[in-house]
Amino acid sequence: MAAIDCGTNSIRLLVADLPDPSAGPRAPLVDLTRRMEIVRLGQGVDRTGRLAPEAIERTRVALADYAAEIERLGAERVRMCATSASRDAENAGDFRAMVERTLGVAPEVVTGDEEARLSFTGAVRGLPADAEPPYLVVDIGGGSTEFVVGTRSGVQAAISMDIGCVRMTERHLHGDPPGLDEIAAAQADIAVAVDRALAAVPGREVATLVGLAGSVTTVVAIAQGLTEYDPERIHHARVSYDRVADVTADLLAKTREQRLAIPVMHPGRADVIGAGALVLRVIMERAGLPSVVASEHDILDGIAWSLA
């Protein structure tokens with residue numbers, strides 16, 4: 001199975017086999033390849049309401065490479081889900097036509113609710129025994145953040161809010177580093193959305209917070225003091241609110257050049273990681289959750305499982 005997740009900031013590929021039935025119901029997929037490219041599809045979409053031609057072209061280049069990999073590995077089923085940026089854009093038809101020409105299948109522009117459910121499915125399967133239910137799974141993307149509450153049996157409630165790391169950076173964090181007034185404005189904007197989400201799902205009645213996507217995994221890697229990005233050390237690592245708050249403050253105080261010098265920092269994430277960390281910190285603060293469990297398994301895994 002081949003799963004592609006095209007978000008506001010990145011496009012990712014997972015090609016995997018189903019686990020052997022004898023491995024049990026909680027066994028993970030058998031990865032053949034996982035890849036990620038920063039294409040910034042949502043560049044300027046919050047301001048213009050349209051996908052920029054150069055952003056569509058960057059995505060096409062990455063997608064063509066993925067299509068060749070899918071063919072090489074012989075995937076029998078392919079599903080591509082496109083999320084916040086292509087959901088919001090006036091010219092989403094241009095994007096859809098490009099994908100069909102390049103990949104040979106149409107992208108599914110999933111709703112925020114479906115995005116949340118796919119993320120939850122990918123994240124919860126394989127959680128360690130000490131991660132107690134119910135869970136609040138948060139997927140901090142480029143354009144939106146999904147909030148999902150449930151147990152290993154499934155989703156109980158879900159909501160998507162427009163507070164992704166790219167959107168918040170473009171809307172508020174213009175300085176290098178951003179000024180205190182910019183950070184305060186971003187924090188206030190995020191807090192309103194988070195409070196609404198936590199009331200809707202409800203997210204203040206959970207035992208475990210599970211954080212997904214690059215903003216979370218990068219913050220956790222920094223909090224662990226890793227000298228290189230190591231998915232195995234990040235996956236299911238638990239980090240306290242105090243460490244998240246410290247890392248967030250440090251990232252927001254740094255220039256882009258200083259953030260680029262952090263060993264675990266992907267170059268394409270350096271300009272938006274401050275906003276992503278701030279979203280995570282505000283969620284933990286408003287929900288009263290003392291720690292977050294990071295997961296390297298997310299919507300990509302959920303998309304793949306949907307093909308099983």
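1. Is serine 295 buried or exposed? Serine 295 counts as buried, at 1% relative accessibility; buried means under 20% relative accessible area, exposed over 50%, and partly exposed in between, computed with a 1.4 Å probe on protein chains only. Its place is in strand E11 (residues 291–295). Helices (H or I, at least four residues) and strands (E, at least two) are DSSP runs, numbered from the N terminus.

2. A word on the basis. This is a predicted model, in which local features need pLDDT of at least 70 and side-chain atom pairs count only at pLDDT 80 or more, while totals for chains, interfaces and linings use all residues. Residues are numbered from 1 along each chain as its sequence is written, and side-chain values use heavy atoms, with hydrogens and water left out.

3. Surroundings of serine 295. A polar atom of the serine 295 side chain lies 2.8 Å from the backbone oxygen of histidine 297. This is a polar contact, that is, a pair of N or O atoms within 3.5 Å; within protein, one must be able to donate a hydrogen and the other to accept it, and residues adjacent in sequence count only if both atoms are side-chain atoms. Apart from neighbours within four places in sequence, serine 295 is in contact (heavy atoms within 4.5 Å) with Ala123, Val210, Gly211, Leu212, Thr217 and His235.

4. Helix H8. Of the 10 residues of H8, 10 are buried. Among them are Gly214, Thr217 and Ala223. Just after H8, glycine 225 has a positive phi of about 70°.

5. The largest pocket. A pocket is found on a 1 Å grid over the protein atoms alone, as an open set of points where a 1.4 Å probe fits, with protein on both sides within 12 Å along at least five of seven lines; lining residues have an atom within 4 Å of a point. The largest pocket holds about 740 Å³ of space, the volume being the space filled by probe spheres set on the points, which are joined across faces, edges and corners. Its lining has 41 residues, and Arg12, Met36, Ala213, Gly214 and Asp298 lie nearest its centre. Elements giving two or more residues to this lining include strand E2 (10–17), strand E3 (30–38), helix H8 (214–223) and helix H13 (299–306).

6. The residues lining the largest pocket divide into 11 nonpolar, 18 polar and 12 charged. Here Ala, Val, Leu, Ile, Met, Phe, Trp, Tyr, Cys and Pro count as nonpolar, Asp, Glu, Lys and Arg as charged, and the others, Gly among them, as polar.

7. Salt bridges across the sequence. A salt bridge is a side-chain nitrogen of Lys or Arg within 4 Å of a carboxyl oxygen of Asp or Glu, and by this rule the count comes to 18. Aspartate 271 and arginine 40 form one, at 3.2 Å from N to O. Aspartate 271 is in the loop between helix H11 (256–260) and helix H12 (273–287), and arginine 40 in the loop between E3 and helix H1 (45–48), so the pair ties together parts 231 residues apart in sequence. Aspartate 271 is partly exposed at 29% relative accessible area, whereas arginine 40 is buried at 14%.

8. Further salt bridges. Arginine 79 and glutamate 108 have their closest N and O atoms 2.9 Å apart in a salt bridge. This pair links strand E4 (residues 78–82), which holds arginine 79, to strand E5 (residues 108–109), which holds glutamate 108. Salt bridges with shared partners also join Asp5, Arg12 and Asp298 into one network. Within helix H2 (residues 53–73), arginine 72 and glutamate 69 are three residues apart, about one turn of the helix; their salt bridge has its closest N and O atoms 3.2 Å apart. Arginine 72 is exposed at 58% relative accessibility, and glutamate 69 is buried at 14%.

9. Threonine 59. Threonine 59 also lies in helix H2 and is buried, with a relative accessible area of 0%. Its side chain reaches the backbone oxygen of alanine 55 at 2.9 Å. Leaving aside neighbours within four places in sequence, the contacts of threonine 59 are Cys6, Ile11, Val39, Leu41, Phe95 and Met98.
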